[in-house]
Amino acid sequence: MALHYHCRHCGIKLGTIEEQQIQAAQLGFNQLSNEERQEMIVYDSSGNIQVKSICEDCYESLQRNPELYQNDYIIH
């Protein structure tokens with residue numbers, strides 16, 4: 001099983017964790033609400049986990065331009 005992190009706004013790959021045994025609490029998933037988990041975490045057909053997060057560039061863009069939150073994707 002691998003965890004693949006991608007930015008939810010621009011799609012850039014943020015990183016991958018290759019672990020056979022890892023607990024949700026170690027990743028902080030236990031701190032998410034059910035709605036947040038459904039929105040951010042997707043299990044693919046290979047058993048890998050796709051996690052939607054935010055990259056630094058998109059975070060900074062959203063801080064400077066909060067109106068961008070209404071968009072699903074931000075193009076740099």
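Predicted model: local features only at pLDDT ≥ 70, side-chain atom pairs only at ≥ 80, totals over all residues.
Local features need pLDDT of at least 70 and side-chain atom pairs count only at pLDDT 80 or more, while totals for chains, interfaces and linings use all residues. Residues are numbered from 1 along each chain as its sequence is written, and side-chain values use heavy atoms, with hydrogens and water left out.

View 1. Strands here are DSSP E runs of at least two residues, numbered from the N terminus; two of them pair if DSSP finds at least two bridges between them.

**View 2. Strand 1 alongside strand 4.** Residues 2-7 and residues 49-53 run parallel, joined by 5 bridges. Look for Leu3: its bridge partner in strand 4 is Ile49.

**View 3. The largest nonpolar core.** It's made of 7 residues: Leu3, Tyr5, Phe29, Leu32, Ile41, Ile49 and Val51. Such a core is a set of buried Ala, Val, Leu, Ile, Met, Phe, Trp, Tyr and Cys residues joined through side-chain atoms within 4.5 Å. Strands 1 and 4 each supply at least two of the core residues. Leu32 is also in contact (heavy atoms within 4.5 Å) with Arg37, Met40 and Ile41, leaving aside neighbours within four places in sequence.

**View 4. Asn48, in the loop between strand 3 and strand 4.** A polar atom of the Asn48 side chain lies 2.9 Å from the backbone nitrogen of Ala2.

Technical notes: Helix = DSSP H or I, 4+ residues; strand = E, 2+ residues; numbered from the N terminus. Buried < 20%, exposed > 50% of the residue type's maximum accessible area, 1.4 Å probe, protein only. Polar contact = N/O pair within 3.5 Å; in protein donor to acceptor, adjacent residues only side chain to side chain.
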